[in-house]
Amino acid sequence: QVQLVESGGGLVQAGDSLRLSCAASGSGYLMGWFRQAPGKEREFVAFIDWSGGSTDYADSVKGRFTISRDYARNTVYLQMNSLKPEDTAVYYCAARFTYSTIRSPKGYNYWGQGTQVTVSS
């Protein structure tokens, strides 16, 4: 059983930055970040592979968000810059073993509890 614990969310103003962290109980997983706003489906935000050499981003965050991982700490980060009110959501990290359909939440085996990000205009 893999445990994922997110942290770093909060209330910020448009244009500010936040860094989310996801601490995992193990290592060797493919990791993703998703978000879910009220009344909307959970959507893909970013992905990073085992080596950290391959990443993927949703078009809505490309150029503003950066995903990275620290193997020594078994932690994945999501650096979010130039935040917009439409980025407001609960952010979840997720782990998976297989490299396919990485943008779909269905392929992820483990999920964190989520952390709230609120961006005011």
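**Reading the terms in a predicted model**

Reader: Why does S21 count as buried?
Author: The relative accessibility of S21 is 14%. Buried means under 20% relative accessible area, exposed means over 50%, and partly exposed lies in between (1.4 Å probe, protein chains only). S21 therefore counts as buried.

Reader: Where is S21 found, and what does S21 touch?
Author: S21 is found in strand 3. A strand here is a DSSP run of E with at least two residues, a helix is a run of H or I with at least four residues, and both are numbered from the N terminus. Not counting residues up to four places away in sequence, S21 touches V5, E6, S7, W33, T75, V76 and Y77. To touch is to be in contact, that is, to have heavy atoms within 4.5 Å.

Reader: Why is R19 assigned to its accessibility class?
Author: R19 also has its place in strand 3, but the relative accessible area of R19 is 47%, so R19 is partly exposed. Leaving out residues up to four places away in sequence, R19 touches S7, G8, Y77, L78 and Q79. R19 stands opposite Q79 in strand 8. From C-alpha to C-alpha, R19 and C93 are 13 Å apart in space, although 74 residues separate them in sequence.

Reader: How do you know that strand 3 and strand 8 pair?
Author: Two strands pair if DSSP finds at least two bridges between them. Strand 3 and strand 8 are joined by 6 bridges and run antiparallel; A23 stands opposite T75 in strand 8. Strand 7 and strand 8 likewise run antiparallel and are joined by 6 bridges, and the bridge partner of I67 in strand 8 is L78.

Reader: What makes a strand an edge strand in the open sheet?
Author: The open sheet has 4 strands in the order 1-3-8-7, with antiparallel pairing. Strand 1 (4-7) and strand 7 each pair on one side only, and they are the edge strands. From one strand to the next the twist averages 15°.

Reader: What makes a set of residues a nonpolar core?
Author: The set must consist of buried Ala, Val, Leu, Ile, Met, Phe, Trp, Tyr and Cys residues joined through side-chain atoms within 4.5 Å. In this protein the largest such core has 37 residues, and L4, W33, L78, M80 and Y91 have the most contacts inside it. Strands that each supply at least two residues of this core include strand 3 (18-24), strand 4 (30-36), strand 8 (75-80) and strand 9 (89-96). L78 is in contact with residues including L18, W33, V45, F65, I67 and Y91, leaving aside its neighbours within four places in sequence.

Reader: Why is the protein called as compact as a globular protein of its length?
Author: The protein has 0 helices and 11 strands. Its radius of gyration is 13 Å, close to the 14 Å that the globule rule gives for 121 residues, so the protein is as compact as a globular protein of that length. The radius is taken over C-alpha atoms, and the rule is 2.2 Å times the number of residues to the power 0.38. Along the principal axes, the C-alpha atoms fill a box of roughly 40 × 30 × 25 Å.

Reader: What makes the phi of N74 worth a remark?
Author: Most residues other than glycine have a negative phi. N74 is not a glycine, yet its phi is positive, at about 50°. N74 is found in the loop between strand 7 and strand 8, in a hairpin with 4 residues between the strands. With a relative accessible area of 26%, N74 is partly exposed.

Reader: Which accessibility class does T101 belong to, and why?
Author: The relative accessible area of T101 is 56%, so T101 is exposed. T101 lies in the loop between strand 9 and strand 10 (110-111). T101 too has a positive phi, of about 40°, although it is not a glycine.

Terms used
Residues are numbered from 1 along each chain as its sequence is written. This is a predicted model: local features need pLDDT of at least 70, side-chain atom pairs count only at pLDDT 80 or more; totals for chains, interfaces and linings use all residues. Side-chain values use heavy atoms; hydrogens and water are left out. Axes are lines fitted to C-alpha atoms, for helices over the stretch in contact, and angles run from 0 to 180 degrees between N-to-C directions.
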